[in-house]
Amino acid sequence: MRRLIVAVVILIFVTVLSITTLNAQTKGIYELIEITDKMQETFDNKEMDKCLEMANDFVDKFQKTTRFFPLFMRHSDVMKIEETVVMLPIFLQTDESNFTAELVRCKNMLENLAKLETPSLENIL
């Protein structure tokens, strides 16, 4: 009987831990997507200084938010997005046309990451 109780407790612990980490990942990804939307708005309003500041803050926020993501997902998924994120401030300073393309690319990769990490029959099968 004790073995059954221990097994149930372990199962409950793993379930709670999985749900908690999934919620933290999802929340972090959607916060990053919101920031990309705000950067696009400031860029469209021609507020380049504010947009550059947001882009630099976005790099820091991305690194803080995703530092534990590789524990639960493929490293390559996170690294591809990070390569784009790090280039955003540079593109904004040098070539504004590339900035918008990279920002859209970054947002799209974040949205795809959110879809891939959402438990669904599509992702499981």
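**View 1. Four salt bridges are counted in this predicted model.** A salt bridge here is a side-chain nitrogen of Lys or Arg within 4 Å of a carboxyl oxygen of Asp or Glu. Residues are numbered from 1 along each chain as its sequence is written, and side-chain values use heavy atoms, with hydrogens and water left out. As the model is predicted, local features need pLDDT of at least 70 and side-chain atom pairs count only at pLDDT 80 or more, while totals for chains, interfaces and linings use all residues.

**View 2. Glu-31 and Lys-61 form a salt bridge.** Their closest N and O atoms are 3.3 Å apart. This pair links distant parts of the chain, with Glu-31 in helix α1 and Lys-61 in helix α2, 30 residues apart. Helices are DSSP runs (H or I, at least four residues), numbered from the N terminus. Glu-31 counts as partly exposed because its relative accessibility is 28%, and Lys-61 is partly exposed too, at 33%. For these words, buried means under 20% relative accessible area, exposed over 50%, and partly exposed in between (1.4 Å probe, protein chains only).

**View 3. Arg-74 meets Asp-77 in another salt bridge.** Here the closest N and O atoms are 3.0 Å apart. Arg-74 is exposed, with a relative accessible area of 57%, whereas Asp-77 counts as buried at 16%.

View 4. Glu-102 counts as buried because its relative accessibility is 16%, while Arg-105 is partly exposed at 43%. Not counting residues up to four places away in sequence, Glu-102 also touches Thr-84, Leu-88 and Phe-91; contact means heavy atoms within 4.5 Å.

**View 5. Phe-43 and Phe-99 form a tilted aromatic pair.** One aromatic pair is found in a search of the whole structure. Its rings lie 5.1 Å centre to centre, with 45° between the planes. Rings of Phe, Tyr and Trp (its six-membered ring) pair if their centres lie within 6.5 Å; planes under 30 degrees apart count as stacked, over 60 as edge-to-face and the rest as tilted. Phe-43 lies in helix α1 and Phe-99 in helix α4, so the pair ties together parts that are 56 residues apart in sequence. Both Phe-43 and Phe-99 are buried.

**View 6. The largest nonpolar core holds 26 residues.** Such a core is a set of buried Ala, Val, Leu, Ile, Met, Phe, Trp, Tyr and Cys residues joined through side-chain atoms within 4.5 Å. Phe-58, Ile-81, Phe-99 and Leu-110 touch the most other members. At least two residues of this core come from each of α1, α2 (48–65), α3 (75–94) and α4 (96–117), and α4 gives the most, with seven. Leaving aside neighbours within four places in sequence, Leu-110 is in contact with several residues, including Ile-29, Phe-58 and Ile-81.

**View 7. Lys-46 has a positive phi of about 65° although it is not a glycine.** Most residues other than glycine have a negative phi. You will find Lys-46 in the loop between α1 and α2. Lys-46 counts as exposed, with 64% relative accessibility.
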